[in-house]
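I opened my notebook to look up a few things in one protein model. My entries follow in the order I made them.

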Amino acid sequence: SIILVKISDYNARGLVGDEFDFDLAKEDSVENFGYFCRAKFVTPRTGNRQGSFGIGKAVFYHLSGINTALMSSSLSDDGGFRVFGRSELPTHFINDMQMMGNGCFGKCVDNRGAPSAQSVYDLSKKNISNLFLDRDMGDAPGTTVLSIAFDHTHITPGRLMREFQSNVEQWFWPALCVQNPKLSITLRRFDNHECKDVQKID
């Protein structure tokens, strides 16, 4: 079996911004798609900084046994439902052609003369569900990240849930910030699409 670790937030902004020119954001920009989904070791230089070194998102790829994460996002600007994915790859060859760096999941488009993956906005609900990227709180804006093939060797599902709960309580950064926002966190364990266990953290 393959374990997927799925992390979702709600009542947030979602992944907004240009597909490729994210580093050209204006000083007052709230764009985050490029920084989260494409960039490495880059963080915004504006007052809306969302990190320090551009490496926090790497945890999603490190959780994955195949260094792959898929994302879906309900956008707060009525921009629809956005789907994208990325694999952290070393240099490799395809049909004798040398490929450098990441592989991305999306719609193939031409970007300055080179084929590139672009976010998909028109996936059917069935395909979104088959990818386990559906968001079950309706249209509330926010983002879902799916880490594929989590290494669960010698860990039972029950113990895995307890370890996630302990780590969320101790390390989840919004709970540690000065403003101390009110958060509601729910951990759930699924077998395919059937919910087997629910734990709430207040």
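**Ground rules**

I am working with a predicted model, where local features need pLDDT of at least 70, side-chain atom pairs count only at pLDDT 80 or more, and totals for chains, interfaces and linings use all residues. Residues are numbered from 1 along each chain as its sequence is written, and side-chain values use heavy atoms, with hydrogens and water left out.

**Whole chain**

I looked up the secondary structure and found 4 helices and 11 strands. Helices (H or I, at least four residues) and strands (E, at least two) are DSSP runs, numbered from the N terminus.

Next I checked burial. Of the 202 residues, 31% count as buried. Buried means under 20% relative accessible area, exposed means over 50%, and partly exposed lies in between (1.4 Å probe, protein chains only).

The protein exposes about 13,200 Å², and carbon and sulfur atoms supply 54% of that area. Accessible areas come from the Shrake-Rupley method with a 1.4 Å probe; for residues, only the protein chains shown count as cover.

Then I looked at contacts, meaning heavy atoms within 4.5 Å. Among contacts with a separation of 6 or more, 51% are between residues 24 or more positions apart.

**The second largest pocket**

How is empty space found? Rolling a probe the size of a water molecule over the atoms shows where it is left. The search uses a 1 Å grid over the protein atoms alone: a cavity is a set of points where a 1.4 Å probe fits but cannot get out, while a pocket is an open set with protein on both sides within 12 Å along at least five of seven lines. Lining residues have an atom within 4 Å of a point.

I noted a volume of about 550 Å³ for the second largest pocket. Grid points are joined across faces, edges and corners, and a volume is the space filled by probe spheres set on the points.

Its lining has 18 residues, and N102, C104, P115, S116 and A117 lie nearest the centre. The elements giving two or more residues to this lining are β5 (97-99), β6 (103-105) and β8 (114-118). Which one gives the most? β8 does, with 4 residues.

I sorted the lining by class: 11 nonpolar, 5 polar and 2 charged residues. Here Ala, Val, Leu, Ile, Met, Phe, Trp, Tyr, Cys and Pro count as nonpolar, Asp, Glu, Lys and Arg as charged, and the others, Gly among them, as polar.

**S116 and V109**

I picked S116, which sits in strand β8. S116 is buried because its relative accessible area is 18%. Leaving aside neighbours within four places in sequence, S116 contacts F20, K107, C108, V109 and N111.

I followed the V109 contact. V109 is in strand β7 (residues 107-111). At 17% relative accessibility, V109 counts as buried. Not counting residues up to four places away, V109 touches F20, A114, P115, S116 and Q118.

**Salt bridges**

How many salt bridges does a search of the whole structure find? It finds 7. A salt bridge is a side-chain nitrogen of Lys or Arg within 4 Å of a carboxyl oxygen of Asp or Glu.

E19 and R38 form one (3.2 Å, N to O). This pair links distant parts of the chain, 19 residues apart: E19 is in the loop between β1 (4-8) and α1 (33-37), R38 in the loop between α1 and α2 (58-63). Are E19 and R38 buried or exposed? Both are buried.

R86 and E88 form another (2.4 Å, N to O). R86 is buried at 3% relative accessible area, and E88 counts as buried at 19%.

D136 pairs with R188, the closest N and O atoms being 2.6 Å apart. D136 lies in the loop between α3 (125-130) and β9 (142-148), and R188 lies in strand β10 (residues 185-191), 52 residues apart. D136 is partly exposed at 46%, and R188 is partly exposed at 39%. Elsewhere, salt bridges that share partners join E19, R38 and R82 into one network.

**G103, back at R86**

My last entry is G103, in strand β6. G103 is partly exposed, at 23% relative accessible area. Leaving aside neighbours within four places, G103 contacts G85, R86, S87 and L89.
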